[in-house]
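Hello,

Here is the structure for you to look through. Please open it beside this email and follow along.

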Amino acid sequence: MSQRKNKLENLLNESHESYYWLGFLFADGHFSNKNRLKLSLSIKDRDHLIKFKDFIDCDTNLIDKSFWMRDKEYFVSSFSVMDTNSMSILKNKYDIKSNKTENPPNLSSLSDDLKFCFMIGFIDGDGSIQNQTGRKDCKLSIKCHSSWLNNLKYLFGSARKNNSGYAYHCTSDNEILRDWKRKALNFNLPIMPRKWDKIDTSKISKYKIAEEWQSKAIHLFENGKTVKEIAVYLDKKYITVYQALVRKNLIRKEV
């Protein structure tokens, strides 16, 4: 039986998952000058490597090995795929260079939901989701070569150079992170559990709770209810409702 020549063709099928994997590959993959794609992950993420193999329907065997660096042994799982046709299309579309670390791709063709899927894949490849110090809330951070600054701004809406000169993005607003996770699950993206399980989508931030009851308070006040009536209706202290309406410039502060 002849082997498939277009082993990476599923990366071109314009699905939500294809853009997720493209984002992941731009973070963690290597696109060689000879049109070979290589992907190596820590052994703890071996199952994620298998998910990618399943997506591209590739029967290439994984290679598990270890190496030493700075007196520490690391264990990795990897595989590579040669596909001249699909790789040529990808390289042309995104202006991919073999040294993509210092020569970032052109992502201007991404838009809307597909850009979101790409962003989630990039987070799984190169991002860190950690609990904030002393809190259950999380923060997402990404650090790349400085040449990636504009791409990070394009993907996340904001980025800067940190004190070490790296392109850096951080999102600590957990309402945003929860929305991202919900949308990723809705698109059935194969997000990494060890990262995204830290984000509890059932939780509502105190800021969101305050925003909701204050919105109700404003609506009631504009419809003729007194501060006392609103406080009773919302089960809030009089002073809490009063101060909220003062901050919204709906009533004058008592002197």
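**Salt bridges in the predicted model**

Lys93 and Glu14 form a salt bridge through their side chains, with 3.3 Å from N to O. This pair joins distant parts of the chain. Lys93 sits in helix H3 (residues 84–94). Glu14 lies in the segment before helix H1 (16–28).

How exposed are the two partners? Lys93 has a relative accessible area of 35%, so Lys93 is partly exposed. Glu14 is partly exposed too, at 44%.

Next, look at Asp95. The side chain of Asp95 meets that of Lys97 in a salt bridge, 2.6 Å from N to O. Asp95 has a relative accessible area of 40%, which means partly exposed. Lys97 is also partly exposed, with 36% relative accessibility.

Now find Asp113. Which residue is its salt-bridge partner? The partner is Lys183, and the closest N and O atoms are 3.2 Å apart. This pair also links distant parts of the chain. Asp113 belongs to helix H4 (residues 112–126). Lys183 belongs to helix H6 (residues 174–186). They are 70 residues apart.

Why does Asp113 count as partly exposed? Its relative accessible area is 34%, and partly exposed covers the range between buried, under 20%, and exposed, over 50%. Lys183 is partly exposed as well, at 30%.

In total, the count is seven salt bridges. Those described above are among them.

Best wishes

Terms used: Residues are numbered from 1 along each chain as its sequence is written. This is a predicted model: local features need pLDDT of at least 70, side-chain atom pairs count only at pLDDT 80 or more; totals for chains, interfaces and linings use all residues. Side-chain values use heavy atoms; hydrogens and water are left out. A salt bridge is a side-chain nitrogen of Lys or Arg within 4 Å of a carboxyl oxygen of Asp or Glu. Helices (H or I, at least four residues) and strands (E, at least two) are DSSP runs, numbered from the N terminus. Buried means under 20% relative accessible area, exposed over 50%, partly exposed in between (1.4 Å probe, protein chains only).
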